[in-house]
Amino acid sequence: MAFSGALTLTDLNDFITPSQACIKPVEQSNKVDVKDAGSAATQIQVDSSGSYYEVSANGSAPAASSTKLETAQISLNDCLACSGCITSAESVLITLQSHTEVLNVLSTNSDPSSPAHRVPVLSIAPQSLASLAASVSSSSAQPVGPSRILRRVEAFCKDVLGFSHVFDTTFARHIALLEHGREFLERRAGMGKLPMLASACPGWICYAEKTHPEMLPFISATKSPQQVMGTLVKEWMGAKWGRSPEQIYHVTVMPCYDKKLEASRQDFYNEAYATRDVDCVLTTGELELLMREKGWDLSMPVGGEEDAARRGAVGLTGSGTALPELIAHPGTSSGSYLQSLVSMCADASPGPSALSVRAVRTADYEEHTLADTGAGTVLLRGAKCYGFRNLQNVVRKVGRDAGVQVGRGAAGRMAAVRVRGRPRRGDGAAAEVDKGYDYVEVMACPGGCVNGGGQLKPAVSAQEDAEGYARDWAENGVKLNTDGGLPSSDARWGTRGWTKKVEEAYWHGLPTPPPSPGPETINGTSGNLSDDHQKIQWADELASRILQDLCQPNTSEAIRWNTTMDDEAEARRRRLFRTQYRAVESEVNGLAVKW
Amino acid sequence: MDSLPARIELITQLEGHDDRSWHVAWNPQRPILASCSADKSVRLYTYKSLQEAEKASLTFTYHTTIPTGHGKTVRAIAWSPSGKTLATASFDSNIGIWAQDEEEGAGVDDDKGRSTEWECMTLLEGHETECKSIAYSSSGNLLASCSRDKTVWVWEVHPDYDFECMGVLMEHSQDVKCVAWHPHEEILASASYDDTIKLYVDDPSEDWFCFATLTGHESTVWALAFSPDGRYLASGSDDKTVRVWERVQEHKWECVAVLKGHERSVYSISWGKGSGDGLGWLASTGGDGTIHIWAMSSTAAEEGGKSTLVHKLIARFPCAHDVSDVNSVVWCPHQGLENVFATAGDDGLVRVWRVILA
């Protein structure tokens with residue numbers, strides 16, 4: 001079985017692990033010949049090369065009468081359609097999205113002059129850049145920031161691999177945040193359910209579709225940054241370049257294996273052109289492996305990387321496809337979804353407002369409350385909730401507050417248990433305080449995306465137990481990262497200190513995380529922030545232009561992202577920037593399961 | 001016949017389950033014995049102890065049945081330390097939390113066993129597949145459960161039958177059969193089809209985590225029981241043995257004894273106070289239908305050395321549920337009844353026994 005080379009079982013540090021072995025039955029595609037009853041007996045033989053042959057059972061059939069059988073293959077779509085395992089993509093056969101696949105496509109690509117040529121484009125997530133930056137910085141005297149890493153990755157991808165374009169995904173995220181804010185306002189106005197739950201984490205989406213379909217109406221329908229990037233590259237840039245979607249080969253680099261599953265969703269498949277918005281997803285680790293295999297040293301500077309760091313702030317350039325780079329969205333390193341809504345609500349508030357943040361036990365579960373300081377009314381009640389454990393509590397809380405029944409019949413459960421429940425104590429004012437959330441930024445990984453399953457692992461010196469004995473943990477099937485055998489606080493993730501370093505690299509020199517850009521900080525002295533402010537202005541303008549280009553509203557006036565266009569243009573906006581979710585029915589056959 | 005220093009005597013037999021009975025649990029505060037079964041019900045019995053001359057007699061009275069409504073077998077039950085709440089772990093993957101309405105019934109049954117209805121106050125969902133075992137911590141603040149989905153969950157008990165998930169521990173590579181809490185510290189143990197035992201503690205600033213993996217059993221570990229003083233952990237296995245692990249350091253446990261004698265899988269063990277000065281009595285039972293009672297003690301610490309655990313088989317009872325497997329054995333926790341235990345078998349029966357020293 002061909003796992004991507006960067007991946008071995010002991011690497012797995014994801015938090016939604018398969019609950020059972022894959023039991024997806026293999027489809028029988030061989031044509032069955034019509035035969036006389038009773039003469040159908042055949043046997044399967046394996047030859048020396050490991051191939052399987054079906055041969056007639058009654059006798060010394062010569063080789064000519066045997067039929068070579070197809071090798072069983074399980075595609076990502078089989079996995080998405082099955083709830084046999086609560087898919088951590090890692091445990092699945094990901095043969096379609098590996099770094100060798102990328103090399104194959106690039107090496108077999110036609111000449112650029114040929115119509116069959118596919119323009120290779122690579123888009124890398126800022127969390128992946130942060131992981132690479134932290135890794136390079138850990139072994140060098142000078143810390144290296146994500147902007148330089150982006151230049152080096154770009155040089156590698158263009159010069160060594162032959163990519164035509166390299167982008168980071170922060171501009172796509174900017175659009176996702178704009179659309180996400182718009183969707184939130186729609187829901188607040190009564191078109192949809194609250195609380196709205198973030199949808200950028202594919203691990204969470206997979207889990208919700210398979211285990212908590214009652215949560216689906218709450219989940220934001222806005223596409224993730226990866227899929228917005230897919231739309232930008234294949235639809236908007238493609239049109240600029242005079243290329244149709246299938247003439248572009250789009251690779252993304254993500255901190256997360258589950259992004260591979262996201263990219264293979266049917267919703268992101270363009271039937272007309274038989275192509276996906278994102279053709280292949282590599283993890284940070286797979287990109288690093290690719291660089292190592294090609295002998296590329298990421299710690300070596302490339303020419304002009306310092307000047308280029310400012311390139312993101314140079315302003316609109318005609319009708320080109322240049323994007324503002326590395327836009328810093330203040331908030332979290334997992335996409336700043338909650339903070340973007342907090343800022344939006346604060347801006348919309350006529351009076352001054354104040355944000356209070358309360359950590360519930362750990363930094364992975366925080367409640368953010370934005371209140372009007374004059375009137376004392378609450379403008380937004382949100383939470384950030386990372387990790388599988390906190391996710392459980394959010395599902396329970398949202399289900400309880402919204403009065404929906406949590407859970408359903410995966411194992412024939414639910415049945416007839418009648419929960420008596422109790423009215424929640426407190427009335428009047430107390431009930432007001434206990435009101436539910438408006439928004440929850442949900443991520444499946446503890447620490448969020450900087451700690452994604454596809455990120456680089458810290459260099460581990462030696463595996464020793466508390467007494468200094470080297471022990472072969474792996475032999476017992478023990479995950480190295482999660483069980484050092486030591487009851488010290490760093491034992492579990494083993495990588496918590498490392499995640500902190502990646503988080504620091506993500507914010508590259510800004511405070512971690514930087515303060516939200518109130519009026520006083522925007523005009524502050526930090527050159528970084530004012531650059532960012534320019535970048536965001538550029539991003540806003542470009543986003544509006546893209547909306548105009550792609551949705552073609554029936555108006556001569558300039559539009560902004562929050563402009564409501566004519567119905568046809570709005571329908572295009574929905575198709576381009578929103579998606580949908582569906583419950584996955586359990587196909588688990590209890591008898592097929594190993595007990 | 002072996003001449004053992006004690007014998008096991010049947011006190012009573014409690015009938016009523018329509019299918020195999022899986023587990024029994026003694027209410028820690030009130031004289032109630034609960035049993036659960038593949039028939040999806042929980043049966044409650046009250047009991048009275050009458051002091052007649054030298055010999056105490058115990059009489060059991062059927063109290064009530066909780067039909068539960070679980071979609072499948074109720075595999076395990078656990079009382080909270082307060083005795084007011086009962087948790088049910090079911091093969092339908094859910095956990096039910098049951099209590100009586102305090103306003104109506106003043107929270108207690110009187111001695112006559114006047115009944116107020118047991119109602120499901122909360123359903124805890126989260127396990128993907130069959131829930132196999134459930135246990136309250138000694139303080140009653142935490143509830144642990146495990147499942148065939150290979151996970152162990154830790155829940156924090158909040159007022160008004162509210163629960164918060166504190167941890168989802170995905171350490172085992174196979175079906176998790178049993179969870180058990182240390183008798184006075186917040187240390188959780190789990191046993192699995194992957195032949196290992198794992199121990200967990202909380203990191204107050206973060207999450208629960210596994211700090212030790214105990215290996216040695218050669219097959220599935222079915223059952224766990226801490227010694228009453230918390231220094232030892234016993235484990236029963238499909239390899240027909242019971243192993244005893246000693247806490248040699250704060251976070252380090254080592255196997256110090258292997259108890260042999262069962263002819264088939266050991267499905268259940270229980271470590272009670274017993275009679276005498278030792279470390280208590282360990283009861284074991286399983287697929288061979290035999291009950292073994294071991295007296296556990298330790299030698300005085302040798303000079304410059306440490307004490308050694310000593311185990312001695314003091315009683316044995318074959319065919320405790322006739323030809324059926326015995327699924328569960330549990331000592332009565334009440335003072336004066338330290339020699340009493342209950343068993344549940346595939347024959348659907350619950351039997352109550354006492355150990356009598358010769």
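This is a predicted model: local features need pLDDT of at least 70, side-chain atom pairs count only at pLDDT 80 or more; totals for chains, interfaces and linings use all residues.
Axes here are lines fitted to C-alpha atoms, for helices over the stretch in contact, and the angles between them run from 0 to 180 degrees between N-to-C directions. The axes of helix 4 (residues 146-161) and helix 9 of chain A come within 12 Å, crossing at roughly 55°. Angles of 65 to 115 degrees count as roughly perpendicular and those under 35 degrees as roughly parallel, so helix 4 of chain A and helix 9 of chain A are oblique to each other. Their crossing is left-handed. On the side of helix 4 of chain A, the contact is made by A:V153, A:F156 and A:L161, and on the side of helix 9 of chain A by A:L287, A:L290 and A:M291. Sorted by class, this contact has six nonpolar residues, with no polar and no charged ones.

In chain A, four strands in the order 5-4-7-10 form an open sheet with parallel pairing. The edges are taken by strand 5 (165-168) and strand 10 (280-283) of chain A; each has a single partner strand, so one side of each is left without a neighbour in the sheet. Direction ignored, neighbouring strands of this sheet are turned by 20° against each other on average. Within the sheet, four bridges connect strand 4 (residues 119-124) of chain A with strand 5 of chain A in the parallel sense. Here A:I124 stands opposite A:D168, a residue of strand 5 of chain A. Helix 9 (residues 284-293) of chain A packs on this sheet, where it touches strand 4, strand 7 (248-254) and strand 10 of chain A. The direction of helix 9 makes about 85° with that of strand 10 of chain A.

Helix 3 (residues 126-138) and helix 14 (residues 496-506) of chain A pack at an angle of about 110°, and their axes are 8 Å apart. Helix 3 and helix 14 of chain A are therefore roughly perpendicular to each other. The crossing in which helix 3 of chain A passes helix 14 of chain A is right-handed. From helix 3 of chain A, the residues A:P126, A:Q127, A:A130, A:S131, A:A133, A:A134, A:S135 and A:S138 take part, meeting A:W498, A:K501, A:V502, A:A505 and A:Y506 of helix 14 of chain A. The residues of this contact divide into eight nonpolar, four polar and one charged.

Some backbone details of chain A also deserve a look. Most residues other than glycine have a negative phi, and most peptide bonds are trans. The peptide bond from A:L194 to A:P195, however, is cis, with omega near 0°. A:P195 is found in the loop between helix 5 (170-188) and strand 6 (196-197) of chain A. A:L326, although not a glycine, has a positive phi of about 45°. This leucine lies in the loop between helix 10 (305-308) and helix 11 (337-348) of chain A. Because buried means under 20% relative accessible area, A:L326 counts as buried at 10% relative accessibility. A:Q552 is likewise not a glycine and has a positive phi of about 45°. Its place is in the loop between helix 16 (527-551) and helix 17 (567-577) of chain A. At 53% relative accessibility, A:Q552 counts as exposed.

In chain B, attention turns to strand 19 (residues 232-237), which is mostly covered, with six of its six residues buried. In a regular strand the side chains alternate between the two faces of the sheet. In strand 19 of chain B, B:Y232, B:A234 and B:G236 point one way, while B:L233, B:S235 and B:S237 point the other way, and all are buried. Strand 18 (residues 221-226) of chain B runs antiparallel to strand 19 of chain B and is joined to it by five bridges. B:F226 stands opposite B:L233 of strand 19 of chain B. The hairpin of strands 18 and 19 of chain B has five residues between the strands, and B:G230 in this hairpin takes a positive phi near 80°. Strand 19 of chain B also pairs with strand 20 (residues 242-249) of chain B, in the antiparallel sense over five bridges. In this pairing, B:L233 stands opposite B:W245 of strand 20 of chain B. Four residues lie between the strands in the hairpin of strand 19 and strand 20 of chain B, where B:K240 takes a positive phi near 75°.

Note on methods
Residues are numbered from 1 along each chain as its sequence is written. Chains are lettered from A and ligands numbered from 1 in the order in which they are written. Side-chain values use heavy atoms; hydrogens and water are left out. Helices (H or I, at least four residues) and strands (E, at least two) are DSSP runs, numbered from the N terminus. Angles under 35 degrees count as roughly parallel, over 145 as roughly antiparallel, 65 to 115 as roughly perpendicular and the rest as oblique. A crossing is left-handed if the near helix is turned anticlockwise from the far one by less than a right angle, and right-handed if clockwise. Contact means heavy atoms within 4.5 Å. Ala, Val, Leu, Ile, Met, Phe, Trp, Tyr, Cys and Pro count as nonpolar, Asp, Glu, Lys and Arg as charged, and the others, Gly among them, as polar. Two strands pair if DSSP finds at least two bridges between them. Buried means under 20% relative accessible area, exposed over 50%, partly exposed in between (1.4 Å probe, protein chains only).
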